[in-house]
Amino acid sequence: MTQAEATRQISFIQAINEALRQELQRDPSVIVMGEDIAGGGEREDFQDAWGGPMRLTKGLVNEFGRNRIRDTPISEAGFVGAGVGAAASGLRPVVDLMYVSFYGVCADQITNNAAKMHYMFGGKVTVPLTIMTGIGAGTNSAAQHSETLYSIFTHFPGLKCVVPSNPYNAKGLMTAAIRDDDPVIVFNNRQLMGLRFDDHVPEDQYTVQIGKSEIKQEGDDITLIGIGFTTRVCMEAAEELEEQGYSVEVLDLLSLSPMDNDAILSSVQKTRKVVIVDEDYPRCSIAADISALVAEEAFDYLDAPPRRVNAPHASVPYSRPLEALYVPNKEKVVEAALEIID
Amino acid sequence: MPYTEINRDSLLWMYETMVTIRRFEEQSRREADAGKLRGMHSSVGQEAVPTGLCAHLDENDYVLGTHRSHHHCIAKGLDLNHMMAELLGKSTGTGKGKGGTMHIADIDRGMLGANGVVGSNIPVATGVALTAKVKGTNQVSVVFFGDGASSQGVLHESMNLAGIWKLPVIFVCENNRYAEATPFEYSVAGGSISNRADGYGIPGVSVDGQSVMDMFEVGREAVARARAGDGPTLIEAQTYRYMGHFGADDPLGYRSAEEQQYYIDRDCIANCRAHILEGSFAEESELEEIDASCLAAVNEATEFANKSPFPDPEELLQDVYVSYS
């Protein structure tokens, strides 16, 4: 068998699409709804006009029909709330929130209803809702279409949050999210949707366990922790640091709630230095949370303070040179690492 | 409205349900005054609205409510013992004491929750109706909300969504004239909530919410319409809360004693009782027996709740997730 036959490469978009299609085939209680996820409304001549703005849902309406693949009006509070109600009454809805910044118009439904119903009602109601949403700067989309914001949702008990970093874990996490009995938000970075990956993605269904991180490469001198797109940044930085003679461990966080604290701590206890790379705003961020975790739980192991590479405390700029300064990149990670590595 | 089709069984069930609600709310108030719960939103005066509607629902249908929802729960058939225990934060409550007065739910009886955020349950109920539509069940979803919630965007988003998808959901506005202390005529532009249905191509009906017979008639039509697949209905029930917003506040700070008396004189229980007796559907002695049994049931619930234990400390961290690791 040649190498080409042994491996199967698909894009991040195809991976999400495949996870949705296979779960729709497997479980009749799965439905998908959101703005333009098919496109064309109910016009017979224009079926599947869009397949979602990122084409994540392309082709689903033709295979599963309008009863299960539903274009919604532009009313996030209405259709995210409907997703909550549908989930609480026997469906497994996947709701597409086009960009995470739009959470502002439906936050009540996510934080007051989806997150709390199971607890408030004494564990007797479950909300197996999946929200998938686009995140990330670097696409010249400016301040209201480029945020990351996952840290906000990790603040709420009752919600689970996952951030895939490649097509393999995108498919596996998406499948796991749909099957999960708790509400799960899947944060899909839009830069990843335009990149090529070498990872093998099995055609058969599989899940990536929610709550587990992945060690992308082992090393002894420093730990770099990445989230979604910044895992790729960490890998680039690791390559450069290795060229300078350092042994670098890269941890791909994958899941933010629950978070794999054990994996973080055991890696940091080994390397004694850590740089957390997080595209979200720096205040009350995942990076800040991990920094606190490491300081509290692994202080005696540390040779240097934890370092954080976040986006700045500023909205995402439109102008491309400014935006390039905004997103964490290899240079910033290498610089932060070199400050603490010796 | 003609009441000829409302038979004796329906009338007596509705009478009993409303009296139960009234006694339950009076007792809840006493428990609150004794310091056992806070922030109790009394539904006294509004009993007819959910009662007339729920007369057409079975346990497979869903009801969703508001911060003021004890009457919705009782009309949907929830157990009084477990409701009162929830009010007192006891482990035997509908939510093990973790939800309280504003978050009573019992999915086994089709009550998918009271909700402390005004308007918040309207899209949730719309999603419940979506489940019925997608699965092809014959279930109906009913959401109750107040005149205050009629100004929330989610009502309009949900009427639009239910309108285009023809969902089996019934939007029931209990217009009790006051959003907390702000009068209806100040906060609702155009002066009508039911008229707002026109813009979404769905029927909008205004009904005397102090008449359980009128509520029954309107409810029958809306439920039949939903079950037939003809889509949602918006019902604006004109009603009145006799107490303040949360019970301990004095409503005479923002409304007159004359106005209060006008509505109290048109009390839903009194006029249902008069209708039963005038139509000879039952003897006065039968109604007195019902009155006594309602009081006894509430007294039993009160005793049950007060004797029940508080939740164990471990409950603090239970039910946050189905699983989390």
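What follows is my record of the cavities and the residues that line them.

I worked from a predicted model, where local features need pLDDT of at least 70, side-chain atom pairs count only at pLDDT 80 or more, and totals for chains, interfaces and linings use all residues. Residues are numbered from 1 along each chain as its sequence is written, chains are lettered from A in the order in which they are written, and side-chain values use heavy atoms, with hydrogens and water left out.

I searched the whole structure and found 3 cavities of 30 Å³ or more. A cavity is a set of points, on a 1 Å grid over the protein atoms alone, where a 1.4 Å probe fits but cannot get out; lining residues have an atom within 4 Å of a point. Points are joined across faces, edges and corners, and a volume is the space filled by probe spheres set on them.

I looked up the largest cavity and noted a volume of about 90 Å³. Its lining has 15 residues, and Pro53(A), Met54(A), Leu56(A), Asp96(A) and Met98(A) lie nearest its centre. Strands E3 (92–99) and E4 (130–135) of chain A each supply at least two lining residues; strands are DSSP runs (E, at least two residues), numbered from the N terminus. E4(A) gives the most, with 3 residues.

I then turned to the second largest cavity, of about 40 Å³. Among its lining residues are Ile135(A), Tyr150(A), Phe229(A) and Glu279(A). Domain 1 (8–194) and domain 2 (214–341) of chain A both contribute to this lining, so the cavity lies between them; the domain bounds come from an automatic or database domain assignment.

Notes. 1 Å grid on protein atoms, 1.4 Å probe; cavity = no way out; pocket = protein on both sides within 12 Å on 5 of 7 lines; lining within 4 Å. Helix = DSSP H or I, 4+ residues; strand = E, 2+ residues; numbered from the N terminus.
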